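Please look at the charged side chains in this model before reading on. The points below are meant to be checked against the structure one at a time.

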Amino acid sequence: MDIAEDGKQHLFTSGGGGALAERMGIEITEATAERVVGIMPVEGNTQPYGLLHGGASCVLAETLGSVGAVLHGQTVDRPFAVGVDINATHHKAARSGLVTGVAVPVHRGRAVATYEVVLTDEAGDRVCTARITCLLRGA
């Protein structure tokens with residue numbers, strides 16, 4: 001996945017996260033190696049009790065962290081990022097509206113990049129904290 005400067009517009013207009021992210025309604029609103037922001041609707045991404053599904057939170061987190069890792073990887077000649085670890089702590093239920101995810105780097109090396117992703121609801125309350133680690137690979 002090559003997200004060169006001229007390709008950033010496609011990143012935003014296409015949703016930026018591939019087919020799964022598109023089906024889940026994820027939209028990336030900001031993307032640099034230092035910070036990736038995206039939103040996702042709760043509606044359509046719930047478990048049987050009407051709460052945001054924990055797996056949906058992980059998809060949003062992995063999407064944002066992976067985009068950040070790709071953007072970092074381009075600076076070290078390793079523009080492909082493959083997720084190798086993700087974990088998430090679910091703090092509070094979300095029942096409606098949008099959740100916003102913000103991914104910031106914890107570690108950016110030549111072979112591995114790790115991002116912390118914080119998901120909040122429309123009131124600004126933390127819904128989930130996730131960490132994703134990606135292996136960076138060359139072309």
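1. R131 has a relative accessibility of 36%, which makes this residue partly exposed. The model is a predicted one. D85 is also partly exposed, and its relative accessible area is 36%.

2. R131 and D85 form a salt bridge through their side chains, with an N to O distance of 3.3 Å. D85 belongs to strand β3 (residues 80-90) and R131 to strand β6 (residues 126-137), so this pair ties together parts 46 residues apart in sequence.

3. How many salt bridges does a search of the whole structure find? The search gives five. Side chains of opposite charge can pair when their charged atoms come close.

4. Another of these pairs is K92 with D121, whose side chains meet at 3.5 Å, N to O. K92 sits in the loop between β3 and β4, while D121 sits in the loop between β5 (112-120) and β6; the two are 29 residues apart. Through salt bridges with shared partners, K92, D121 and D125 make up one network.

5. Is D121 buried or exposed? D121 is buried, because its relative accessible area of 14% is under the 20% cut-off. K92, at 37% relative accessibility, is partly exposed.

6. R108 and E34 also form a salt bridge, and their closest N and O atoms are 3.2 Å apart. This pair links distant parts of the chain, 74 residues apart: R108 is in strand β4 (residues 98-108) and E34 is in the loop between β1 (27-31) and β2 (36-41). R108 is partly exposed at 36% relative accessible area, and E34 is partly exposed at 46% relative accessibility.

Definitions and conventions:
Residues numbered from 1 in each chain as written. Predicted model: local features only at pLDDT ≥ 70, side-chain atom pairs only at ≥ 80, totals over all residues. Heavy atoms only, no water. Salt bridge = Lys/Arg side-chain N within 4 Å of Asp/Glu carboxyl O. Helix = DSSP H or I, 4+ residues; strand = E, 2+ residues; numbered from the N terminus. Buried < 20%, exposed > 50% of the residue type's maximum accessible area, 1.4 Å probe, protein only.
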